[in-house]
Amino acid sequence: SRHLMDSLLATGMTPGMDIAVAIKGKTVWLEGFGFADLEHEVVIIPGETRFRIGSVSKPITAAAMGRLMDQGKMDVDREVQEYVPYFPEKKFPLTVRQVAGHIGGIRHYHNLEFMMAKHFSTVEEGIGIFRDDPLLFEPGTAFSYSSYGYNLVSAAIEGAAGKEFLSVMQKEVFDPIGMKSTCADKNDSIILHRASFYAHNDSDQVINAPYVDNSYKWAGGGFISTTSDLIKFGQAHLKSGYLSEETLMELITPQVLADGDTTSYGMGWFVGETNGRYRYGHGGGSIGGITDFVIFPEEELIIVVLSNSSDTRYGNVVGRIVELFLQADLDN
């Protein structure tokens, strides 16, 4: 398994990576490869270096929504405007569940919006980016992945909780799970062990990633975290306890479209198979970071891979690691 990671580094496509694997509640592999900061030659500290996790922010946001569902503060089948009165009515009604499952017709990034460097001080301000755009289709009729949909989910969380989004995240997700190193990727803050962010130019040299400000999308792609925090987060979603059985099932059960087709997405989680094994998880792409995060509930296996380049390609590495570890586990 180690040479799989070494070969990824050797291709030069990533300055640094951190990987964690847990089986049956125990972390069996935690190792950093390469550099958190090339200029200062700071190596990755396994489980402590903080990376941009991109869209793995979505299941983390969905966890806060799940907690509010369990507390009876949120009904995901209500229309979005019930929780977000400032979001304009559209041609069709739109529920929180549909938005959280990417079947609500909210658009994704246009052009260079992914590279935004402007600071947004509230969730409502970030919603201004797309609030007046028409829906792409009638909600429930198609699947169209949307990070902005999660801006809207975070606004609904604020409305349901009566508190600002990041403080709800702290109280309902980070504190109860013990995720001490997960936070909003605030550019002006000094954040201990935050990796530097890299990309590649046209001739494949490593360069500093362009400056972006992720404040327009905390919920859909703006958190930073560590492998050890994401393992804890995975453990909390392996079975009920942190969330009720019913709510956990709602998050990880793929949604069904009007024509009866099933999507491969619940609320905050992609659901499917790797090598015939049932799994749920999420990938994350951000400027200066690629993440893979997978839970195999039947095997009680969780894998997290984080990197600090926009151009890391994991390929089938996760699938191969799964088989290596499950084989080792069976042999014991």
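**Entry 1: salt bridges**

I count a salt bridge when a side-chain nitrogen of Lys or Arg lies within 4 Å of a carboxyl oxygen of Asp or Glu. By that rule the side chains of Arg131 and Asp132 pair up, N to O at 3.2 Å. This is a predicted model, so I keep local features to pLDDT of at least 70 and side-chain atom pairs to pLDDT 80 or more, while totals for chains, interfaces and linings use all residues. Residues are numbered from 1 along each chain as its sequence is written, and side-chain values use heavy atoms, with hydrogens and water left out.

I looked up how open the two partners are, taking buried as under 20% relative accessible area, exposed as over 50% and partly exposed as in between (1.4 Å probe, protein chains only). Asp132 is exposed, because its relative accessible area is 57%. Arg131 has 28%, so I noted it as partly exposed.

Next I went to Asp75 and Arg78. They form a salt bridge too, with the closest N and O atoms 3.7 Å apart. Asp75 sits at 30% relative accessibility and therefore counts as partly exposed. Arg78 is also partly exposed, at 38%.

The structure holds 14 salt bridges. One of them joins the side chains of Arg67 and Glu172, N to O at 3.0 Å. That pair links distant parts of the chain, 105 residues apart, with Arg67 in helix H2 and Glu172 in helix H7 (residues 165-177). Arg67 and Glu172 are both buried.

**Entry 2: helix H2**

H2 covers residues 57-70, 14 residues in total, and spans 20 Å from its first C-alpha to its last. That is close to the expected 20 Å, where the expected span is 1.5 Å times one less than the number of residues. How much of H2 is buried? I get 13 of the 14 residues, so H2 is largely enclosed by the rest of the structure. Just after H2, Gly72 takes a positive phi of about 75 degrees.

**Entry 3: the largest cavity**

Rolling a probe the size of a water molecule over the atoms shows where empty space is left. I ran on a 1 Å grid over the protein atoms alone: a cavity is a set of points where a 1.4 Å probe fits but cannot get out, a pocket is an open set with protein on both sides within 12 Å along at least five of seven lines, and lining residues have an atom within 4 Å of a point. Points are joined across faces, edges and corners, and a volume is the space filled by probe spheres set on them.

The whole structure gives four cavities of 30 Å³ or more. The largest has a volume of about 70 Å³. Its lining includes Thr122, Ser154, Phe165 and Trp218, along with Asn151 and Lys217. Helices H5 (123-127), H6 and H8 each supply at least two lining residues.

I checked two of the lining residues. Asn151 is in helix H6 (residues 147-161) and counts as buried because its relative accessibility is 3%. Leaving out residues up to four places away in sequence, Asn151 touches Val123, Gly126, Ile127, Phe130, Tyr216 and Lys217, a contact being heavy atoms within 4.5 Å.

Lys217 lies in the loop between strand E7 (206-208) and helix H8 (218-221). It is buried, because its relative accessible area is 4%. With the sequence neighbours up to four places away left out again, Lys217 touches Tyr109, Phe114, Asn151 and Gly222.

The largest pocket holds about 190 Å³ of space.

Terms used. Helix = DSSP H or I, 4+ residues; strand = E, 2+ residues; numbered from the N terminus.
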